[in-house]
Amino acid sequence: MILDLDIGNTLSKWRLKDADSSEIRSRGAVWTREEWRPGSDIPDLDVVEAVRISSVARRAVLEETVSLLRRRVGAVHVARSAPEALGVTNGYEEPGRLGVDRWMGTLACYQLAGGCCSVDCGSAITVDFVLPGGRHLGGYILPGLRLMKESLKLGTRNVAIDPDSEAEELLGPGTRTVEAVNHGIYMAAVSAVNRIYSEVCDREGVPLPMLLTGGDARVISRGIQVPHAVWPDMVYAGLEACFPLTAAERAGRMSGAPRVPSPVSLEKIRAGLAFSMLL
Ligand SMILES: Nc1ncnc2c1ncn2[C@@H]1O[C@H](COP(=O)(O)OP(=O)(O)O)[C@@H](O)[C@H]1O
Ligand SMILES: CC(C)(COP(=O)(O)O)[C@@H](O)C(=O)NCCC(=O)O
Ligand SMILES: [K+]
């Protein structure tokens with residue numbers, strides 16, 4: 001079995017993948033602050049022959065996790081942001097400082113779709129762009145839904161936005177505090193993503209397919225106006241592409257990859273942008 005780990009600021013996600021069949025056998029998540037307890041929080045390491053890790057947690061958390069795993073597992077691969085990988089050149093002035101989850105997600109999107117806009121809706125919402133040809137432009141970081149909610153300190157912290165609620169419902173004025181906060185932060189997040197996408201496509205003169213991942217991807221997706229797809233395993237797919245271990249991975253197939261959404265025309269994107277500026 002292969003153990004894949006995606007350690008974020010809120011949740012540490014894991015999944016077990018069969019090295020022979022490439023099937024995902026099980027998956028789960030634990031709060032990042034907690035200590036790892038193999039066998040209860042995460043699967044028993046006895047069945048694991050290789051581990052792949054993407055981590056944006058504090059360095060100490062990563063070091064501890066890696067040293068625990070190295071004692072038990074033959075191969076431990078830790079992803080790092082690099083100046084160039086898989087045909088993509090990192091747009092950061094200091095490439096190593098780009099969050100490795102962003103780098104993994106962006107590499108996976110580029111493998112799948114060529115030029116792309118990759119959006120990760122987790123503790124932070126990050127929006128990254130790669131042009132056809134592989135130039136990563138850099139991106140945007142804004143607080144995630146939960147962080148925005150916490151920053152208001154209005155006692156709404158534990159009320160998550162229902163991922164099944166309709167966008168129209170979430171975009172209207174709230175008539176209770178919890179609702180006003182939920183609708184306010186939802187509006188902030190989706191307007192930002194919609195606007196960022198249009199601005200960058202306009203500047204670069206190219207419409208790009210958009211892919212979304214992260215704990216809040218489903219709910220954010222409802223408020224995104226342009227064609228896009230949700231890819232829950234996008235960060236894991238970056239690990240597969242960087243450290244291919246199974247036959248399917250070596251052949252370039254990434255688990256759970258959605259159909260690539262065809263973007264609308266540049267003219268339509270520009271018309272939308274012009275319209276929002278007139279208002
Ligand atoms: N069951 C859940 N538990 C915790 N957070 C959740 C849950 N469902 C949705 N979320 C949202 O997902 C976010 C965490 O998403 P995730 O992509 O795992 O973030 P990170 O990678 O930063 O840890 C939280 O900030 C919260 O808004
Ligand atoms: C921006 C992030 C905090 C997002 O983390 P997440 O929400 O996935 O936990 C993470 O990618 C990070 O720590 N990045 C380093 C700074 C940067 O990317 O510029
Ligand atoms: K994120």
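This note covers an annotated residue and two ligand sites in a predicted model.

1. Ground rules. Local features need pLDDT of at least 70, side-chain atom pairs count only at pLDDT 80 or more, and totals for chains, interfaces and linings use all residues. Residues are numbered from 1 along each chain as written, ligands are numbered from 1 in the order written, and side-chain values use heavy atoms, without hydrogens or water.

2. The annotated residue. An unreviewed UniProt entry lists D101 under "active site"; such annotations may be inferred rather than shown by experiment. D101 is found in helix α2, residues 100–113 (a DSSP run of H or I, at least four residues; strands are E, at least two). Beyond neighbours within four places in sequence, D101 is in contact (heavy atoms within 4.5 Å) with S54, V56, D120 and V235.

3. Ligand 2. Around this ligand are 14 residues (a heavy atom within 4 Å); Y92, G99, D101, R102 and A124 come nearest. Helix α2 and strand β9 (124–130) each supply at least two residues of this shell. Polar contacts are pairs of N or O atoms within 3.5 Å. The side chain of D101 has one at 2.5 Å to a ligand 2 oxygen. For the side chain of Y92 the distance is 2.6 Å. The backbone of S123 is 3.2 Å from a ligand 2 oxygen.

4. Ligand 1. Its surroundings include W31, R146 and D216. A polar side-chain atom of S123 lies 2.4 Å from a ligand 1 oxygen. For a backbone N or O atom of G215 the distance is 2.9 Å. A polar backbone atom of N9 is 3.4 Å from a ligand 1 oxygen.

Notes. A polar contact is a pair of N or O atoms within 3.5 Å; within protein, one must be able to donate a hydrogen and the other to accept it, and residues adjacent in sequence count only if both atoms are side-chain atoms.
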